[in-house]
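Here is a note in numbered points, written to be read alongside the sequence and the model.

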Amino acid sequence: MMRIRPPWTDRYKSNWDDAFARMMAWWEGDPLDRPLLIPRIVKPGAPGFQPAADPGTPEARDLDEPYRLAADAHALQSRLFLAESVPYAGTFYGSSLCMVAAMAGARVRYTPDTGTAWIQEEPRLYDRPLPEFREDCPPYAFALRMIRRHAETFGYDCILGAGVMLDPLTTLSMMRGPGNLCMDLVERPDLVERWADRLGELFLRIAAGYRVARALQGRREHYNWTGIWAPGDLEALQCDFCAMLSPEMFRRFVMRHFEREAAFYDYALWH
């Protein structure tokens, strides 16, 4: 665990020392005088986000550099970061759900009313060869570029973030369809295992790419979608689909992925 906080500035947050000490105590399991608090409060009277140019759709906004930089700048300028909440700029493609699926060649769809991204089911998924890691996968390449652009634009005024987030089996459940995957676990578990293993490999390759991209900027810290942050890279380990599994299935299809992820990250929590 790091004891010396990085040189984040007080441009958007003035209580870094106290917040850092409390967050590190939480990571180390030390007793706290109160729970962690991560309120990001909109400043009274702050104007709404009005970009100079709007790509027009959630799909386009997710991969538009000027729009994303403008949105991040507005979020930093229009909020109060109280207690342990922190200013951040991050790439959280596809509602933080879709990066591994996109790397695996899945199609991403966006809900019209909310803009939330979901992975489109592919009933004939297993007819395809196992996916390969691709440096030129558009959202992945965009995320690497934005890590550099965030560092150049905001410096140490905020934490840098870039999250992989969704685990292999939940990703597979969205690609295959939850009902179909339930049947697959009974009827062809070896096939499920091969696909989950490959998606797990993609997850770690993506996470390693993010780590290298931050290191090239002299940075290591990370901010997660849960609001938790750390001076090293981190992830919230989770498996939404595990609610459908027996303990035996959890050990076979899920646990070893978490063990690998927890060993990879500097900091990890269970969501």
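1. Two residues are taken to be in contact when heavy atoms of theirs lie within 4.5 Å. The model discussed here is predicted. On this reading, and leaving out residues up to four places away in sequence, tyrosine 210 touches Met99, Tyr140, Ala143, Leu144, Ile147, Ala162, Gly163 and Val164.

2. Tyrosine 210 also belongs to the largest nonpolar core, a set of 51 residues in which Leu169, Leu172, Met175, Ile206 and Tyr210 have the most contacts. The elements contributing two or more residues to this core are α4, β5, α5, α6 (168-176), α7 (178-187), α8 (189-216) and α9 (247-264), and the largest share, 11 residues, comes from α8. Another core lies apart from this one and has 18 residues, among them Phe20, Met23, Tyr223 and Tyr267. As general background, nonpolar side chains in soluble globular proteins tend to be buried together.

3. Phenylalanine 92 is in the loop between β3 (88-91) and α4 (99-103), whereas tyrosine 223 is in strand β7 (residues 222-223), so the pair ties together parts that are 131 residues apart in sequence. Phenylalanine 92 is partly exposed, at a relative accessible area of 22%, while tyrosine 223, at 2%, counts as buried.

4. Ring pairs link Trp8, Trp16, Phe20 and Trp229 into a cluster, and the charged end of lysine 13 sits over the ring of tryptophan 16, 6.0 Å from its centre. Elsewhere, arginine 211 lies over the face of phenylalanine 264, at 4.0 Å from the ring centre.

5. Is glutamate 122, with a relative accessible area of 11%, buried or exposed? Glutamate 122 counts as buried because the limit for that class is under 20% relative accessible area. This residue is found in the loop between β5 (117-119) and α5 (138-154), and its side chain is joined to that of arginine 128 by a polar contact of 2.8 Å. Not counting residues up to four places away in sequence, glutamate 122 touches Gly105, Ala106, Arg107, Arg128, Met175 and Arg176.

6. Tryptophan 270, in strand β10 (residues 267-270), is exposed, with a relative accessible area of 51%. Once neighbours within four places in sequence are left aside, tryptophan 270 is in contact with Leu237, Gln238, Cys239 and Phe258. The C-alpha atoms of tryptophan 270 and isoleucine 159, which are 111 residues apart along the chain, are separated by 21 Å.

Technical notes
Residues are numbered from 1 along each chain as its sequence is written. This is a predicted model: local features need pLDDT of at least 70, side-chain atom pairs count only at pLDDT 80 or more; totals for chains, interfaces and linings use all residues. Side-chain values use heavy atoms; hydrogens and water are left out. Helices (H or I, at least four residues) and strands (E, at least two) are DSSP runs, numbered from the N terminus. Buried means under 20% relative accessible area, exposed over 50%, partly exposed in between (1.4 Å probe, protein chains only). Rings of Phe, Tyr and Trp (its six-membered ring) pair if their centres lie within 6.5 Å; planes under 30 degrees apart count as stacked, over 60 as edge-to-face and the rest as tilted. A charge sits over a ring if NZ of Lys or CZ of Arg is within 6 Å of the ring centre and within 35 degrees of the ring normal. A polar contact is a pair of N or O atoms within 3.5 Å; within protein, one must be able to donate a hydrogen and the other to accept it, and residues adjacent in sequence count only if both atoms are side-chain atoms. A nonpolar core is a set of buried Ala, Val, Leu, Ile, Met, Phe, Trp, Tyr and Cys residues joined through side-chain atoms within 4.5 Å.
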